[in-house]
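Follow the chain through its charged pairs first.

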Amino acid sequence: MTMITPSLAAGRRIPTLVSFAVGALLGAAFLDLLPHVFETSKSPARAAAFILLGILVFFVLEKLMLWRHHHHHDGEETGHPGVDHHDQGRSGWMIIIGDGFHNFTDGVIIATAFLADLRLGVVTAIAIVAHEIPSEIGDFLVLLHSGFSRARALFWNAMSGLASVAGALLAYFALHSVTELLPEILAFAAASMIYVAVADLIPGLHKRTAIRETLAQVTFIALGIGSIWAINAILAGH
């Protein structure tokens, strides 16, 4: 009888969580952030330009990260082709550093949204958490593969997560002095959500083409969007 380890079971749930995250991110961007940006901006054209600029910036940043990743691995001894082995923690530490920076940015986005509007902050935080759950599970599996123990992987995952708190605190105190730029900052935040959903998460879902899996993806994307709509309805009633 084959035993399924917790890490393997978690890995199998990632596509479902990713589908929900896609819906939550797109729902938060199109149902909350973008309407708020265009309602509060003195120049809708300027706001739209910042959305476009944000997408281009995130594209360039991801290109740089991919270039760094491939350059790093091209210079390594790969050993025997097709053999799975630990890398003495190198890929694990790269994940921790990269995820820490990403979490710091998420903290800035959440704080910005709360400064603009309480309802907007709640919805944005929920969308980002929905995205982070599959991301953190994936990072945990990479750390295990890289040679980290379970306890060590959990510890460093938690430490990288604390970067979001640092980002939120910094943004909360710094953005009070630049409140007139909130629409542009929120436009950038919306761009990040759209880019992550469309460029990073959806392509992975397209690799699973079975009818059953496709129906599950569409269902959970709809649930993600629906959750944002439901939260909006609940918060609007108070």
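Arg-119 forms a salt bridge with Asp-32, and their closest N and O atoms lie 2.6 Å apart. A salt bridge here is a side-chain nitrogen of Lys or Arg within 4 Å of a carboxyl oxygen of Asp or Glu. This pair links distant parts of the chain: Arg-119 sits in helix 4 (residues 118-145), Asp-32 in helix 1 (residues 6-40), 87 residues apart. Helices (H or I, at least four residues) and strands (E, at least two) are DSSP runs, numbered from the N terminus. Asp-32 is buried, with a relative accessible area of 3%, whereas Arg-119 is partly exposed at 32%. Buried means under 20% relative accessible area, exposed over 50%, and partly exposed in between (1.4 Å probe, protein chains only).

A word on the source. This is a predicted model, in which local features need pLDDT of at least 70 and side-chain atom pairs count only at pLDDT 80 or more, while totals for chains, interfaces and linings use all residues. Residues are numbered from 1 along each chain as its sequence is written, and side-chain values use heavy atoms, with hydrogens and water left out.

How many salt bridges are there by this rule? The count comes to three. Arg-46 pairs with Glu-184, the closest N and O atoms being 2.8 Å apart. Here too the pair links distant parts of the chain: Arg-46 is in helix 2 (residues 44-74) and Glu-184 in helix 7 (residues 182-206), 138 residues apart. Glu-184 counts as buried at 9% relative accessibility. Arg-46 is partly exposed at 41%. Arg-208 and Glu-213 also meet through their side chains, at 2.9 Å from N to O. Arg-208 is partly exposed, with a relative accessible area of 37%, and Glu-213 is partly exposed at 30%.

Now step back to the whole chain. It has eight helices and zero strands. Buried residues make up 37% of its 238 residues. Take the contacts (heavy atoms within 4.5 Å) between residues at least 6 apart in sequence: 83% join residues at least 24 apart. The accessible surface comes to about 13700 Å², and 72% of it belongs to carbon and sulfur atoms. These areas come from the Shrake-Rupley method with a 1.4 Å probe; for residues, only the protein chains shown count as cover.

Next, the interior. A nonpolar core is a set of buried Ala, Val, Leu, Ile, Met, Phe, Trp, Tyr and Cys residues joined through side-chain atoms within 4.5 Å. The largest has 35 residues, of which Val-22, Leu-25, Leu-33, Ala-127, Met-193 and Leu-201 touch the most other members. Helices 1, 2, 3, 4, 7 and 8 (211-236) each give two or more residues to this core. Ala-127 touches Ala-24, Leu-25, Ala-28, Met-193 and Ile-228, not counting residues up to four places away in sequence.

Turn to helix 6 (residues 163-174). Its buried residues are Ala-163, Gly-167 and Ala-171. They lie on the same side of helix 6, because they cover an arc of only 65° around the axis. That arc is taken over the directions from the helix axis to the C-beta atoms. An α-helix has 3.6 residues a turn, so residues three or four places apart point the same way.

Asn-103 touches Ala-163, and its other contacts include Glu-132, Glu-136 and Ser-160, leaving aside residues up to four places away in sequence. Asn-103 is buried, with a relative accessible area of 4%.
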